[in-house]
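Okay, thanks everyone for coming. I'll walk you through a structure today, starting with how the chains meet and then going into some of the residues.

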Amino acid sequence: MSDLSASRKRYNSWSDKIFDICNIIFLCMLVVVTLYPFINMFALSFNNANDSIRGGIYLWPREWTWENYKYIFNESSIYHATLISALRTIVGTVISVFCTAMLAYTVSRQEFVLRKFVTIAFVFTMYFSGGLIPGYLLIRELDLINSFWVYIFPGIIGVFNMIVVRSFIEGLPEGIMESAKIDGAGEFMTFIRIVLPLTVPALATISLFVAVGQWNSWFDVFLYNSSRIELSTLQYELMKILSTSNTAANSMSAADQFAAGQSGASMVTPTSIRATMTIIASLPIIMVYPFLQKYFVKGMTVGGVKG
Amino acid sequence: MERTIINPAPVTAKKPARRGGGLQPFFRKLLQQRMLVLMSVPFLLWLFLFKYVPLWGWTIAFQKYRPAKAFNDQEWVGWANFKFLFQDETFYQVLRNTLVMSSIKLVLGFVTAITLAILLNELRNIVFKRVVQTISYLPHFISWVVAASIISTALAPEGIVNILLMKLNLIDQPVLWLGKGEYFWGILGASEVWKDVGWNTIVYLAAITTIDPSQYEAAEIDGASRFQRILHITLPGLKPVIIILLIMNLGHILEAGFEPQYLLGNGMTVDYSDNLDIFVLKYGMDMGNYSLATAAGMFKTVVSFVFLLSANTIAKRMGESRLF
């Protein structure tokens with residue numbers, strides 16, 4: 001890449017300059033289109049709900065208020081749903097990452113007799129899966145309906161994640177594991193003491209994938225636990241608001257909403273509740289994402305380049 | 001995806017098998033490696049339970065399944081469920097919707113991601129490039145629920161899209177974007193691009209860095225313009241990646257996604273938004289017709305696999321890199 005900078009002087013023709021300017025303008029527009037909806041949601045969530053109905057809220061709240069957030073967190077169901085979301089993210093990630101790493105270690109050992117069998121058995125399931133109904137019937141058979149563990153058990157091992165970690169372990173110098181064995185460490189101890197600490201970069205990557213997946217998922221809640229409000233998650237609560245307001249908001253004009261807001265004398269409206277929930281549900285990701293972005297990208301390229 | 005490594009198996013070669021059976025060294029080795037076995041067999045059991053038992057569940061596609069009955073008491077009906085499926089007009093409709101939405105996603109996704117990757121690569125200010133990249137990846141990590149909430153707010157009658165279009169005098173009055181079936185495919189395609197275009201550039205950007213810089217220099221000395229360099233060096237350099245991704249995506253042509261269609265679709269758009277997955281969900285979970293829904297799901301998986309194998313074979317014929 002440094003070679004290019006040497007030749008930079010030569011990029012000076014008119015057409016080159018026009019290309020550059022258009023390119024920068026276009027990419028700036030892309031940034032605006034990507035960020036604007038989030039900023040708009042943020043502004044709506046902090047703006048007085050009845051004032052929002054008048055419209056004209058774009059980038060910044062007109063009448064600042066915490067009312068929307070207070071209202072939502074006073075709804076005990078949503079407060080509880082936030083806790084469940086956090087719990088499934090933490091528990092699910094820890095269990096899944098540890099188990100995936102352990103399995104990846106065993107299939108990375110060249111001398112392991114079951115190595116090929118295990119790998120093929122897992123990779124096969126990337127292409128063939130029973131699908132929705134047999135999966136649902138199994139979960140029902142196992143009595144996991146209406147239980148927290150239905151968020152954890154079915155997804156313990158991610159095959160793609162296992163391949164990412166396996167390739168990483170295979171890239172470690174063989175001598176390290178050999179010397180541990182000569183010192184008398186068993187396979188499990190070698191894994192815990194030697195391999196796990198050395199695999200941290202790969203584990204960080206897959207942790208992020210698993211954690212984001214856990215935090216964002218709503219379909220398992222909808223399918224298995226929709227009758228138990230105490231197991232509901234933030235994303236599912238937002239989904240419920242969305243599906244009730246989708247049809248309503250489409251037909252309900254701003255004037256109707258205004259009237260509804262006035263007559264009920266309530267401090268919140270469906271629009272502002274939805275904006276506030278949207279911000280709460282995406283906030284953890286928006287906050288940690290810029291710092292951890294490089295791990296995401298690394299995982300993507302490790303998995304993508306291998307073929 | 002699987003790397004083939006020929007196992008020299010030197011340990012068994014040293015010890016002659018005593019009682020002729022080839023299995024004995026295998027079991028001896030298994031015993032020696034009992035720790036590794038202990039560390040992997042629990043997950044094999046997990047795999048069997050959660051991934052292979054549901055495959056066995058495909059048998060209910062050939063039954064008139066009644067949840068209350070035991071397996072042996074179920075009534076077997078042969079291909080009746082499939083016959084019913086292929087005579088059902090809704091099935092053809094959801095099949096059409098699935099294929100159209102997948103194709104839009106495939107074509108639009110490829111074109112936009114490759115274009116964006118090339119544009120990013122042409123940037124000379126590294127800091128600006130990093131900022132754009134970081135921001136463009138962001139929507140990939142938010143859930144479809146959040147995305148659907150954002151999209152339906154933007155497309156609402158008093159949403160930003162209608163406001164902008166009215167300011168530009170392109171429309172006279174607000175359009176109910178999510179209330180008309182004809183608009184759904186376009187909205188879905190645009191939403192998918194919004195969410196994933198940045199993320200999809202990663203693979204292409206990684207591939208661009210492997211192109212030899214001296215090629216660009218040589219082209220420049222020969223007087224090639226910016227567009228000519230993109231056309232004759234960058235794009236050919238991306239060809240292997242494009243082909244392997246195309247294969248992978250062709251294998252998933254029947255999986256147009258489920259969440260965006262389910263979350264953005266509504267009663268007014270079902271004729272366009274319902275796809276195979278939603279069909280399975282509606283027949284299976286809402287109407288309790290497990291057998292028919294399983295048949296539809298099974299059809300999807302088998303056809304997908306055939307597509308994947310065919311695409312892989314074509315790539316092999318063309319002498320390109322392939323999946324397996």
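Before I give you counts, one bit of wording: when I say two residues are in contact, I mean they have heavy atoms within 4.5 Å. Also keep in mind that this is a predicted model.

So, the interface. How many residues does each chain put into the contact? Chain A brings 105 residues and chain B brings 96 residues. Putting the two together buries about 9500 Å², and carbon and sulfur atoms give 73% of that area. If you're wondering about that number, the size of an interface is often given as the accessible area lost when the parts come together.

What about charges across the interface? Three salt bridges turn up between chain B and chain A. One pair that meets in a salt bridge is A:Asp20 with B:Arg124, at 2.6 Å from N to O. A:Asp20 and B:Arg124 also belong to a network of salt bridges, together with A:Asp16, B:Glu122 and B:Arg226. Now look at the chain B side: helix 3, residues 34-56, supplies the largest share, 16 residues. By type, the chain B side splits into 67 nonpolar, 16 polar and 13 charged residues.

Okay, chain A by itself. You'll see 15 helices and zero strands. Of its 307 residues, 50% are buried. Take the contacts in chain A with a separation of 6 or more: 72% of them join residues 24 or more positions apart.

Let's zoom in on helix 6 of chain A, residues 115-127. Its buried residues are A:Arg115, A:Val118, A:Thr119, A:Ala121, A:Phe122, A:Val123 and A:Thr125. What do these buried residues pack against? Within chain A, that's helix 5 and helix 8, and from the other chain, helix 3 of chain B.

Side chains of opposite charge can pair when their charged atoms come close. Here are some examples from chain A.

A:Asp220 pairs with A:Arg88 at 2.8 Å, N to O. This one links distant parts of the chain, since A:Asp220 sits in helix 12 and A:Arg88 in helix 5, 132 residues apart. Both partners are buried.

Next, A:Asp51 and A:Arg54, at 2.5 Å from N to O. Is A:Asp51 buried or exposed? Its relative accessible area is 5%, so A:Asp51 is buried. A:Arg54 has 58% relative accessibility and therefore counts as exposed.

Then there's A:Glu170 with A:Arg166, where the closest N and O atoms are 3.9 Å apart. Both lie in helix 8 of chain A, four residues apart, about one turn of the helix. A:Arg166 counts as buried because its relative accessibility is 4%, while A:Glu170, at 24%, is partly exposed.

Last stop, two residues in chain B. B:Ser102 is in helix 5, residues 89-122, and at 7% relative accessibility it counts as buried. Beyond its sequence neighbours within four places, B:Ser102 touches B:His252, B:Ile253, B:Leu254, B:Glu255 and B:Ala256. B:Asp277 is in helix 14, residues 276-286. Why does B:Asp277 count as buried? Because its relative accessibility is 19%, and buried means under 20%. Leaving out neighbours within four places, B:Asp277 contacts B:Gly257, B:Phe258 and B:Lys300.

That's what I have, happy to take questions.

Definitions and conventions:
Residues numbered from 1 in each chain as written. Chains lettered and ligands numbered in written order. Predicted model: local features only at pLDDT ≥ 70, side-chain atom pairs only at ≥ 80, totals over all residues. Heavy atoms only, no water. Buried area = accessible area lost by both parts, 1.4 Å probe. Salt bridge = Lys/Arg side-chain N within 4 Å of Asp/Glu carboxyl O. Nonpolar A, V, L, I, M, F, W, Y, C, P; charged D, E, K, R; others polar. Buried < 20%, exposed > 50% of the residue type's maximum accessible area, 1.4 Å probe, protein only.
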